[in-house]
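Subject: A structure for you to look at

Hi there,

I'm handing over the structure I promised you. Please take a look at it first, and then read my notes below.

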Amino acid sequence: TTIKTPMSLRMSRLALLALLHSAVSMRCPGSAAWVHASMEVEVLARAPCRQVVDELRARLDPKNKWRDPHNGGTYAMLADDEDVLEISRLTGNKQYTDKMTFTFNGSGATCSIYGCSESQVFSILDFSTNYCNLRNLYCGSEEGCKPVRYDFSTEEVRVTPSVGAGKDKSACIVDATGGESMFTKHWATVTDF
């Protein structure tokens with residue numbers, strides 16, 4: 001006789017497998033600040049991992065003159081180990097640094113991107129800064145971003161902010177010239193605690 005597994009049990013098993021895979025693949029850079037904003041994302045890119053990693057590297061390379069659309073911050077590669085990238089981002093006013101870790105897993109025409117961004121100073125509300133730190137490195141032209149080498153579509157499978165951290169896509173591409181920026185509002189609020 002065949003024992004039929006209830007649908008809910010099968011779905012629970014799939015959810016557990018997805019969670020275990022994500023936990024194994026997600027790496028975070030850490031922060032010296034005991035309380036800090038952070039963001040974790042799992043993204044499916046419709047491109048081979050080689051192209052995805054090459055595009056992130058190209059955006060980080062100063063020779064390519066790619067401009068951070070989130071208030072003109074400056075990204076830097078801290079470590080590049082094939083399928084793990086350690087990155088920092090200095091804010092547009094050069095006062096604060098966030099750190100990120102990206103890992104990649106895939107075969108064929110798709111690539112799973114796992115990204116984690118953490119503020120390096122005391123912060124709770126981040127007005128989507130940690131989310132934008134990550135998103136602006138993998139988003140494509142269909143989302144308003146400017147690729148350097150490879151333009152591919154993405155689907156955010158999981159977006160997990162810390163308490164108080166935001167995940168507003170519209171905050172990621174802003175004009176860094178003139179007026180009060182999201183960045184200015186963010187740090188004025190955070191440092192006033």
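Let's start with Lys169, which is partly exposed at 42% relative accessibility. Here buried means under 20% relative accessible area, exposed means over 50%, and partly exposed lies in between, using a 1.4 Å probe and protein chains only. Before we go on, please keep in mind that this is a predicted model: local features need pLDDT of at least 70 and side-chain atom pairs count only at pLDDT 80 or more, while totals for chains, interfaces and linings use all residues. Residues are numbered from 1 along each chain as its sequence is written, and side-chain values use heavy atoms, with hydrogens and water left out.

Salt bridges

Side chains of opposite charge can pair when their charged atoms come close. For a salt bridge, a side-chain nitrogen of Lys or Arg must be within 4 Å of a carboxyl oxygen of Asp or Glu. Lys169 has such a partner in Glu156, with 3.9 Å between the closest N and O atoms. This pair links distant parts of the chain, 13 residues apart: Lys169 sits in the loop between S6 and H4, and Glu156 in strand S6. The names come from DSSP runs, numbered from the N terminus: helices are H or I with at least four residues, and strands are E with at least two. Glu156 is partly exposed too, at 23% relative accessible area.

How many salt bridges does the structure hold? There are 12. One of them joins Arg46 to Glu155, with the closest N and O atoms 3.0 Å apart. Arg46 is partly exposed at 43%, and so is Glu155 at 39%.

Another pair, Asp54 and Arg57, has its closest N and O atoms 3.3 Å apart. Both residues belong to helix H2 and are 3 residues apart, about one turn of the helix. Asp54 is buried at 16%, whereas Arg57 is partly exposed at 23%.

Helices, strands and the sheet

The chain has 4 helices and 6 strands, which run α-β-α-β-β-β-β-α-β-α from the N terminus on. Of its 193 residues, 41% count as buried.

In which order do the strands of the open sheet stand? The order is S2-S3-S4-S5-S1-S6, with antiparallel pairing; two strands pair if DSSP finds at least two bridges between them. Strand S2 (74-81) and S6 each have a single partner strand, so one side of each edge strand is left without a neighbour in the sheet. From one strand to the next, the twist averages 20 degrees. Axes for such angles are lines fitted to C-alpha atoms (for helices over the stretch in contact), and the angles run from 0 to 180 degrees between N-to-C directions.

Met77 has Ile87 in S3 as its bridge partner.

Disulfides

A disulfide is a covalent bond between the sulfur atoms of two cysteines, and here it is assigned to cysteine sulfur atoms within 2.5 Å. The structure holds 4 of them.

Cys28 and Cys116 have their sulfur atoms 2.1 Å apart. They come from distant parts of the chain, 88 residues apart: Cys28 from the loop between helix H1 (7-25) and strand S1 (38-45), and Cys116 from strand S5 (residues 111-119). Cys28 is partly exposed at 37%, whereas Cys116 is buried at 1%.

Cys49 and Cys111 are also joined, with 2.1 Å from S to S. The torsion about their S-S bond is about 100 degrees, so this disulfide is right-handed. Both cysteines are buried.

Is the link of Cys132 and Cys172 left-handed or right-handed? With -85 degrees about the S-S bond, the link of Cys132 and Cys172 is left-handed. Cys132 belongs to helix H3 (residues 129-138), and Cys172 to the loop between strand S6 (154-161) and helix H4 (182-191), 40 residues apart.

Enjoy exploring, and write back with any questions!

Best wishes
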